[in-house]
Amino acid sequence: VDPLAGQKTGLFLDQRVNWTLLAQHAPGARVLDGHCYVGAWSLHAAQYGAREIVGVDTSRPAIELARANAERNGVADRCSFLAADIQEVLARGESYDVVVIDPPALAKGRAPIVKALGLYQAINRDAIKALNPGGILITSSCSQPVDDATFLDMLKRASIAAERRVQLLDFRGAGPDHPVLLTMPETRYLKCAVLRLI
């Protein structure tokens with residue numbers, strides 16, 4: 001990590017328990033890690049046996065850290081990292097067994113929520129289209145104004161727009177080291193859904 005620069009070091013520990021979702025879905029898979037930052041999802045996919053991982057992020061410094069992390073963890077032979085926009089990469093028409101979408105907060109307040117939901121829907125629509133039959137989408141939002149029900153409704157609309165049928169296999173929040181204070185609903189901000197293309 002880079003503790004002095006970047007977006008909160010790029011290592012988002014609220015997803016730590018969710019990275020283990022890849023233990024079930026990554027073995028032998030071709031994985032696309034959108035918004036990969038310093039490569040946490042990518043490296044976990046590799047450690048859990050993915051055959052190929054493509055990490056994408058618009059931040060060149062984050063991509064350099066991701067490459068260095070792959071080298072340090074002995075998985076650089078299966079990991080490639082691109083400094084690019086995830087929607088441009090999805091538009092190339094390649095297919096994957098697993099796609100991970102973990103963007104930064106797209107709605108930091110209530111005012112931009114409609115625009116943010118449109119962007120979330122577009123990214124997830126394209127991610128669903130990029131899945132092989134039976135493929136897995138692990139998709140997240142850390143935008144607090146987007147509650148659980150709104151996030152799931154957006155995913156439903158994304159699947160309809162993609163003209164694909166999906167099943168919700170799992171739905172999680174942040175790890176136990178990020179407890180929710182009942183009198184402060186803002187502390188329940190992270191959504192992480194696991195969808196399967198059927």
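## Note on the predicted model

1. Helices here are DSSP runs of H or I with at least four residues, strands are runs of E with at least two, and both are numbered from the N terminus. The model is predicted, so local features need pLDDT of at least 70 and side-chain atom pairs count only at pLDDT 80 or more, while totals for chains, interfaces and linings use all residues. Residue numbers start from 1 along each chain as its sequence is written, and side-chain values use heavy atoms, with hydrogens and water left out.

2. Helix α3 covers residues 40-47 and is mostly covered, with six of its eight residues buried. Buried means under 20% relative accessible area, exposed means over 50%, and partly exposed is in between, with a 1.4 Å probe and protein chains only. The buried set in α3 consists of Ala-40, Trp-41, Ser-42, Leu-43, Ala-45 and Ala-46.

3. Two residues other than glycine call for a check of the backbone. Most residues other than glycine have a negative phi. His-35 has a positive phi, near 55 degrees, and sits in the loop between β1 (30-34) and α3. Glu-163 also has a positive phi, near 60 degrees, and its place is the loop between α7 and β6 (166-172). Is each of these residues buried or exposed? His-35 is buried, at a relative accessible area of 13%, whereas Glu-163 is exposed, at 70%.

4. Helices α6 (residues 113-129) and α7 (residues 148-162) pack with their axes 8 Å apart, at an angle of about 50 degrees. That angle makes α6 oblique to α7. Axes are lines fitted to C-alpha atoms, for helices over the stretch in contact, and angles run from 0 to 180 degrees between N-to-C directions. Under 35 degrees counts as roughly parallel, over 145 as roughly antiparallel, 65 to 115 as roughly perpendicular, and the rest as oblique. The crossing of α6 and α7 is right-handed, meaning that the near helix is turned clockwise from the far one by less than a right angle.

5. Which residues make the contact between α6 and α7? From α6 there are Leu-117, Tyr-120, Gln-121, Asn-124, Arg-125, Ile-128 and Lys-129, and from α7 there are Thr-150, Met-154, Leu-155, Arg-157, Ala-158, Ser-159, Ala-161 and Ala-162. Contact requires heavy atoms within 4.5 Å. By class, eight residues of this contact are nonpolar, four polar and three charged. Ala, Val, Leu, Ile, Met, Phe, Trp, Tyr, Cys and Pro count as nonpolar, Asp, Glu, Lys and Arg as charged, and the others, Gly among them, as polar.

6. The largest nonpolar core has 29 residues, and Leu-32, Val-56, Val-99, Ile-101 and Leu-137 have the most contacts inside it. A nonpolar core is a set of buried Ala, Val, Leu, Ile, Met, Phe, Trp, Tyr and Cys residues joined through side-chain atoms within 4.5 Å. Elements giving two or more residues to this core are β2 (52-57), α5 (86-90), β4 (96-101), α6, β5 (131-141), α7 and β7 (191-197). The largest share, seven residues, comes from α6. Another core lies apart from this one and has 26 residues, including Trp-19, Leu-21, Ala-29 and Cys-36.

7. Neighbours within four places in sequence aside, Val-99 is in contact with Leu-32, Ala-127, Leu-131, Ile-136, Leu-137 and Ile-138. Leu-131 lies in strand β5 and is buried, with a relative accessible area of 7%. Not counting residues up to four places away in sequence, Leu-131 touches Tyr-96, Asp-97, Val-98, Val-99, Ile-136, Leu-137 and Leu-197.

8. Cys-142 is in the loop between β5 and α7 and is partly exposed, with a relative accessible area of 26%. Residues up to four places away in sequence aside, Cys-142 touches Pro-103, Pro-104, Ala-105, Tyr-120, Tyr-189 and Leu-190. Cys-142 and Pro-104 are 38 residues apart along the chain, and their C-alpha atoms are separated by 6.8 Å.

9. Glu-88 lies in helix α5 and is exposed, with a relative accessible area of 55%. Its C-alpha atom and that of Asp-126, 38 residues apart along the chain, are separated by 9.9 Å.
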